[in-house]
Amino acid sequence: MKSFFSRFPKIAVALIAQAFALVLLAALVLVASFFIAPPYPLWLLVLVQGFLAAFISCRMGLPCWWRIIQIALPVGLYFGLTYKVNSWWALGIFIVLWLVFFNAIKERVPLYLTNSTTREALKKLVKRRRKVRFLDLGAGLGGNVVFMSQLPNVMRSDGVETAPIPYLLARFFTLLRGGHIYAMDIWNTKLEYYDVVYAFLSPEPMEKLWQKVSNEMVSGSVFISNSFAVPDVEPSEVWELSDSRKTKLYLYHIQ
Ligand SMILES: C[S@@+](CC[C@H](N)C(=O)[O-])C[C@H]1O[C@@H](n2cnc3c(N)ncnc32)[C@H](O)[C@@H]1O
C-alpha cells in the first residue's frame with residue numbers, strides 16, 4: 001500500500017486518508033447505532049475522524065509527523081465552523097505559514113533550528129582552523145551565522161535563505177549582531193569561496209547538494225551536514241553529540 005501511494009503528492013495522500021477515515025467513521029457509526037442510540041456528540045465524531053485519518057495516513061506511507069496535521073484538520077474545521085471564525089483568518093494564517101515554510105513544498109526542507117550543543121560542536125570544529133570563511137546553506141533565522149561571526153578565527157560568516165519571513169528576521173539579527181545574510185537560493189551559491197560549509201536541510205536535496213559540493217568546494221575545506229548523510233558517500237567523520245536528539249554531524253573533508 002505504501003509504495004502505491006508514494007507516487008502521489010503528500011497533500012493528496014493526506015486528503016485520501018481523510019476520505020478513507022470518513023468512510024470508516026460512517027461504518028463505525030452504523031455499527032454503534034445497534035448498541036447506543038444516536039445522535040453522537042459532534043466533537044467526538046470529529047476526534048475519531050482525526051485519529052482514524054492519522055492512523056490511516058501512517059499506513060499509507062506519509063511521514064508520521066503528518067499525524068498531527070491529520071488530527072488538527074478536522075478539529076480546526078470543527079472549531080472554525082462552530083465558533084464562526086472569519087475565513088480571512090485561515091487565509092492569513094496560511095499565508096504566514098507559507099512565508100515561513102516557503103521551502104517545505106519546493107525543496108522539501110522545512111524550518112527547524114540548530115541547537116546550542118551543535119553550535120558548540122561547530123565552534124570546536126573551526127578551532128582547528130584559521131581565518132575561516134563559513135557558509136550556512138539555508139540559514140533559517142540566522143542564528144548560526146551570528147554565532148560563527150562572533151568567533152575570533154572566523155573571518156567571514158555568511159548565510160543564504162529564500163523563505164521570506166526567516167530571511168527578513170535573519171537579516172535583522174545579522175545587522176544587529178554580525179554576519180551576512182543573502183536572499184539567495186542554495187543552488188546559486190559559490191562554494192569555492194568557503195572553508196566550512198554547513199547544511200541542516202533534509203534527506204531530499206542531499207544527493208544533488210553533494211554534486212555541487214564536490215564540484216565547487218576546494219581541497220582542505222569541509223562540508224558538514226547536520227543529521228542527513230549524503231547517500232552512498234562515506235563521511236570522513238561522524239560526530240554524535242550529547243544533546244537530547246543525539247544529533248549527528250556528518251563531516252566530509254574535501255580532498
Ligand atoms: C532546517 S532549516 C535550518 C536553518 C538553519 N540553518 C539552522 O540550522 O538553524 C533549513 C532552512 O533552509 C532553507 N532552505 C531550504 N531550501 C533552500 C534553498 N533552495 N535556498 C535557500 N534556502 C533554503 C529553509 O527555508 C530553512 O530555513
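## Helices α2 and α3

In this predicted model, the axes of α2 and helix α3 (residues 42–59) cross at roughly 130° and come within 8 Å. Angles over 145 degrees would count as roughly antiparallel and 65 to 115 as roughly perpendicular, and α2 and α3 are therefore oblique to each other. Their crossing is right-handed.

On the α2 side, the residues that meet α3 are A17, Q18, F20, A21, L22, L24, L25, L28 and V29. They face L45, V48, Q49, L52, A53, I56 and S57 in α3. By class, this contact of α2 with α3 has 13 nonpolar and 3 polar residues, and no charged residues.

## Helices α2 and α4

Helix α2 (residues 10–32) also packs with helix α4 (residues 66–82), at an angle of about 55° and with the axes 11 Å apart. α2 and α4 are therefore oblique to each other. α2 passes α4 in a right-handed crossing.

Here K10, I11, A14, A17 and Q18 in α2 meet W66, Q70, L73 and P74 in α4. The contact of α2 with α4 has 6 nonpolar, 2 polar and 1 charged residues by class.

## Around the ligand

There are 23 residues around the ligand, and those that come nearest are N103, T114, D136, G138 and E161. For G138, a polar backbone atom is 2.6 Å from a nitrogen atom of the ligand.

Two further residues have polar atoms by a ligand nitrogen. A polar backbone atom of I186 is 3.0 Å from a nitrogen atom of the ligand. In D185 a polar side-chain atom lies 3.2 Å from a nitrogen atom of the ligand.

Note on methods: Residues are numbered from 1 along each chain as its sequence is written. This is a predicted model: local features need pLDDT of at least 70, side-chain atom pairs count only at pLDDT 80 or more; totals for chains, interfaces and linings use all residues. Side-chain values use heavy atoms; hydrogens and water are left out. Axes are lines fitted to C-alpha atoms, for helices over the stretch in contact, and angles run from 0 to 180 degrees between N-to-C directions. Helices (H or I, at least four residues) and strands (E, at least two) are DSSP runs, numbered from the N terminus. Angles under 35 degrees count as roughly parallel, over 145 as roughly antiparallel, 65 to 115 as roughly perpendicular and the rest as oblique. A crossing is left-handed if the near helix is turned anticlockwise from the far one by less than a right angle, and right-handed if clockwise. Contact means heavy atoms within 4.5 Å. Ala, Val, Leu, Ile, Met, Phe, Trp, Tyr, Cys and Pro count as nonpolar, Asp, Glu, Lys and Arg as charged, and the others, Gly among them, as polar. A residue is near a molecule or strand if one of its heavy atoms lies within 4 Å of it. A polar contact is a pair of N or O atoms within 3.5 Å; within protein, one must be able to donate a hydrogen and the other to accept it, and residues adjacent in sequence count only if both atoms are side-chain atoms.
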